[in-house]
Amino acid sequence: MSVIRTIVLGTGSYLPARVMTNDDLSKTIDTTDEWIVERTGIHRRHIAADDELTSHLALAAARAAIADAGIDPQEIDTIILATTTPDNTFPATAVTVQAELGLYHGAAFDIQAVCSGFVYALTIADTFIRTGQSKTALVIGAETFSRLLDWTDRTTCVLFGDGAGAVVVTGMEGAGTNADRGVLTAHLHSDGRYKEKLYVDGGPSSTQSTGHVRMEGREVFRHAVVNIAEAINESLAATGLTADDIDWFVPHQANKRILDGTAKRIGLPPEKVVLTVADQGNTSAASVPLALDTAVKDGRIKRGDLVLLEAMGGGFTWGSVLLRY
Ligand code: UT7
């Protein structure tokens with residue numbers, strides 16, 4: 001049976017030039033490099049310059065993905081930007097990217113699912129493509145998460161960083177089997193009962209201010225390992241594939257301990273897990289496309305490889321996308 005598959009034509013990413021190390025942080029708050037490395041696996045993170053906005057990061061990643069895809073940008077009819085740190089409350093940061101790319105057709109909009117944003121955005125793009133709403137889409141995860149941090153709160157400010165990643169996806173006919181290139185299955189979840197475990201204590205409607213990130217880390221950790229494994233098993237069950245079939249696991253990069261625990265739970269050897277958390281920290285919606293681009297560009301992920309994307313974040317939100325690159 002012939003079906004439309006959403007295939008990845010190209011990937012791109014961007015990291016701000018400024019690097020903040022754990023030792024830098026230990027000069028202003030009561031923390032140590034040892035604590036941060038042992039509990040999270042993070043060594044350093046990139047921080048956007050004062051005049052660098054989320055749209056700038058998004059645009060740089062988008063341009064890299066378009067160049068990698070080798071397409072005329074005018075072919076893009078949909079831009080979906082996952083972010084928790086938009087340039088402005090409105091309009092969507094995606095329309096700034098659209099205008100900067102010289103695109104005056106199609107639709108551009110933002111998606112808010114915090115760290116799961118890119119997995120949500122890619123799933124929406126896949127649905128748009130398979131239903132004929134879009135032919136070629138640009139999907140971006142971009143964050144200046146540093147702007148939401150309380151730099152006096154050592155339980156959160158050591159964890160996050162800024163960055164952006166993007167993919168260009170398009171529709172291609174497939175046979176409807178697991179051998180097809182493209183997205184094979186995608187699964188999204190949320191459960192608002194847990195919204196106070198990880199949230200920002202401000203917003204336009206509640207405080208008329210941006211607010212800061214607040215997190216019950218241990219609680220989030222506990223749910224993350226369970227929810228992520230559930231989302232992965234769902235993707236495997238939907239396709240009849242097993243953990244042994246997965247070539248690369250490209251997870252949201254929140255904490256190395258969570259990723260080690262998840263890989264162990266589903267029976268994936270550590271060498272199949274793409275890890276960027278050491279050098280980038282948690283870049284929220286940007287982390288999955290940043291990790292994907294890293295492993296594509298360094299030659300680990302090759303055409304035809306089975307790649308499992310996964311994320312979990314505030315809301316709680318979580319989900320997985322299984323694709324053949
Ligand atoms: O992307 C969205 C999803 N987010 C996540 O998945 C994050 C999930 N949570 C985590 O990654 C971990 O829970 C953290 C890394 C946030 C914390 O690690 P933990 O092993 O759960 O530590 P904890 O919160 O239980 O804190 C242990 C101790 C506490 O001291 P007491 O109360 O035992 O005296 C903290 O005050 O570590 C202390 N602590 C720190 N010490 C030095 C907390 N932050 C720091 C710090 N430096 N930066």
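Q: How far is an oxygen atom of the ligand from an N or O atom in the side chain of R39?

A: A polar contact is a pair of N or O atoms within 3.5 Å. In this predicted model, the distance from the R39 side chain to a ligand oxygen atom is 2.8 Å. The side chain of N255 likewise places an N or O atom 2.6 Å from an oxygen atom of the ligand. The ligand alone exposes 960 Å², of which the protein buries 76%; accessible areas come from the Shrake-Rupley method with a 1.4 Å probe.

Q: Which residues come nearest to the ligand?

A: A residue is near a molecule if one of its heavy atoms lies within 4 Å of it. Around the ligand there are 24 residues, and T31, R39, R218, N255 and N282 come nearest.

Q: How do the residues of the shell divide into nonpolar, polar and charged?

A: Asp, Glu, Lys and Arg count as charged; Ala, Val, Leu, Ile, Met, Phe, Trp, Tyr, Cys and Pro as nonpolar; the others, Gly among them, as polar. Here the shell holds eleven nonpolar, eight polar and five charged residues.

Q: Which helix gives the most to the shell around the ligand?

A: Helices are DSSP runs (H or I, at least four residues), numbered from the N terminus. Helix 6 gives the most, with four residues.

Definitions and conventions. Residues are numbered from 1 along each chain as its sequence is written. This is a predicted model: local features need pLDDT of at least 70, side-chain atom pairs count only at pLDDT 80 or more; totals for chains, interfaces and linings use all residues. Side-chain values use heavy atoms; hydrogens and water are left out. A polar contact is a pair of N or O atoms within 3.5 Å; within protein, one must be able to donate a hydrogen and the other to accept it, and residues adjacent in sequence count only if both atoms are side-chain atoms. Helices (H or I, at least four residues) and strands (E, at least two) are DSSP runs, numbered from the N terminus.
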